[in-house]
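Here's a model to pick apart together, one label at a time.

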Amino acid sequence: MANVTVIGAQWGDEGKGKIVDWLASRADAVVRFQGGHNAGHTLVVGEQVYKLSLLPSGIVTGTLSIIGNGVVLDPWHLKSEVEKLRGQGVEINSENFAIADNCPLILPVHRELDGLREAAAGAGKIGTTGRGIGPAYEDKVGRRAIRVCDLAHLDAMEPQLDRLCAHHDALRAGFGQPPIDREALLNELREIAPFVLQFAQPVWRRLNKVKKAGARILFEGAQGVLLDVDHGTYPFVTSSNTVSGTAASGSGLGPSATGFVLGIVKAYTTRVGSGPFPTELEDETGQKLGERGHEFGTVTGRKRRCGWFDAVLTRQSCAISGVTGIALTKLDVLDGFERVRICTGYRLRGKVLDYYPSHAADQEAVEPIYEEMDGWMGTTAGARSWADLPAQAIKYIQRVQELIETPVALVSTSPEREDTILVRDPFAD
């Protein structure tokens, strides 16, 4: 059976939640492989609305849901999110939910450091969610992280706490903060440990069994390729690799397991937080896109910046992440525009570029080259077949896939799961 890896092909917020939910109903396991609770998914199932930021989307349908080792886990947020979903009638237990026992933990000290750095950064603010994601990843690669498996050995934590405090106490002193209260931290960990450990296991073993049984695995990415720590708009990026290849390292399965790579692409472009954005519209059109698209962050509630579709960035994301096909979302937001524009290239100091440069100054300096098309006055909202779409909307979709050099696998026309036009079934390969 084919596996599917879902990633965002822009700056995140492309509507992955609905697509993952739609695919999860046909998967045997759903795996989060990177990021933390800075990721936000809103799922609409009938009359019920679920807001997830850490748990895999499959959990609401009872599909086996796994948090892989590539995720940084805030155990207190996990407990809060599980309790909230249980309150909405979702069953979560060790049969349908598992956490990699080698997952690094996000600690209170990470959240504090995140906030202190952003407050001190002035014009250099990254625009983080302030949830400690970056500092937790730093401790992971700095080999001083406390991991899920350590929660079962808290009485032997002194050497690890020595490493952790040697690093953080110096940073905290620089910000005028007191050293880490080691005993308070241990007490917090002792209190939360039983809740986390009931789900902890070597998930690579469980996934290997699932894989050998021929089951379908859905890998659920967070954020988007343009926020990848290597390939994104550095330094205005997240602290993990968001590309599809991370599904292998972040889950414990080999690279052949990723299967069909489905890139989620919004029919226009949005971005939350700081950083370059070539097609951003700071006018009535940008405001109209934001209002019609309800463009507010699921996690932060921050207003998203809006602009025309950038084919250069999306083509680059699809190439870097090996996207097999895209899911085009929120097409209905463009309904009623007399003219629509697509960025097909950039001008940079007299040169024309067909790619997005790596240097931050160049990224800020590029000017978009636009191609203009007629819009459509009919509605695409709720369409479930090509016959339901205005002819000009179909032309727009065709032009998008030509420019990004990647075929459209499906089109999403509303937040409802069934309002989807299927061109190619990712699970059928």
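This is a predicted model: local features need pLDDT of at least 70, side-chain atom pairs count only at pLDDT 80 or more; totals for chains, interfaces and linings use all residues.

Q: What makes Asp-13 and Arg-304 a salt bridge?
A: The cut-off is 4 Å between a side-chain nitrogen of Lys or Arg and a carboxyl oxygen of Asp or Glu. The closest N and O atoms of Asp-13 and Arg-304 are 3.4 Å apart, so the pair falls within 4 Å and gets the label. This pair links distant parts of the chain, 291 residues apart: Asp-13 is in the loop between strand S1 and H1, and Arg-304 in the loop between H9 and S11.

Q: Why does Asp-13 count as partly exposed?
A: Its relative accessibility is 24%. Buried needs under 20% and exposed needs over 50%, so a value in between is called partly exposed. Arg-304, with a relative accessible area of 8%, is buried.

Q: How do you know that Lys-266 and Glu-295 meet in a salt bridge?
A: The N to O distance for their side chains is 3.1 Å, and the rule asks for within 4 Å, so the label holds. Lys-266 lies in strand S9 and Glu-295 in the loop between H9 and S11, so the pair ties together parts that are 29 residues apart in sequence. Both Lys-266 and Glu-295 are buried. These two also belong to a network of salt bridges that links them with Asp-13, Arg-304 and Lys-330.

Q: What makes Asp-419 and Arg-384 a salt bridge?
A: Here N to O is 2.8 Å, and that is within 4 Å, so it passes. Asp-419 sits in the loop between strand S17 and strand S18, while Arg-384 sits in the loop between strand S16 and helix H12, so the pair ties together parts that are 35 residues apart in sequence. Asp-419 counts as buried because its relative accessibility is 10% and the cut-off is under 20%.

**Buried charges without a partner**

Q: Why is Arg-315 said to have no salt bridge?
A: The nearest side chain of opposite charge, Glu-405, is 4.3 Å away. A polar atom of its side chain lies 3.0 Å from the backbone oxygen of Asp-354. Beyond residues up to four places away in sequence, Arg-315 touches Asp-354, Leu-403, Ile-404 and Glu-405.

Q: What about Asp-150: why is it said to have no salt bridge?
A: Arg-147 is the nearest side chain of opposite charge, at 4.8 Å, and the limit is 4 Å, so no bridge is called. Asp-150 is buried and lies in the loop between helix H4 and H5. Its side chain makes a polar contact with the side chain of Gln-160 at 2.9 Å, and the cut-off for that is 3.5 Å.

**Burial elsewhere**

Q: How do you know that Phe-277 is buried?
A: Its relative accessible area is 8%, and buried means under 20%, so it qualifies. Phe-277 is in the loop between strand S10 and H9. Setting aside neighbours within four places in sequence, its contacts include Trp-11, Arg-305, Cys-306 and Tyr-356.

Q: Why is helix H1 called mostly covered?
A: The tally is 9 of its 9 residues buried. Among them are Lys-16, Lys-18 and Asp-21.

Q: What makes phi of His-294 worth a mention?
A: Most residues other than glycine have a negative phi, and most peptide bonds are trans. Phi of His-294 is near 50 degrees, a positive value. His-294 counts as exposed because its relative accessibility is 63% and the cut-off is over 50%. Arg-349 also has phi near 50 degrees, and at 61% relative accessibility it counts as exposed.

Q: Where is the peptide bond cis, and what is its omega?
A: From Tyr-234 to Pro-235, with omega near 5 degrees. Pro-235 is found in the loop between strand S8 and helix H8.

How values were computed. Residues are numbered from 1 along each chain as its sequence is written. Side-chain values use heavy atoms; hydrogens and water are left out. Buried means under 20% relative accessible area, exposed over 50%, partly exposed in between (1.4 Å probe, protein chains only). Lys and Arg count as positive and Asp and Glu as negative; His and the chain ends are not counted. A polar contact is a pair of N or O atoms within 3.5 Å; within protein, one must be able to donate a hydrogen and the other to accept it, and residues adjacent in sequence count only if both atoms are side-chain atoms. Contact means heavy atoms within 4.5 Å. Helices (H or I, at least four residues) and strands (E, at least two) are DSSP runs, numbered from the N terminus.
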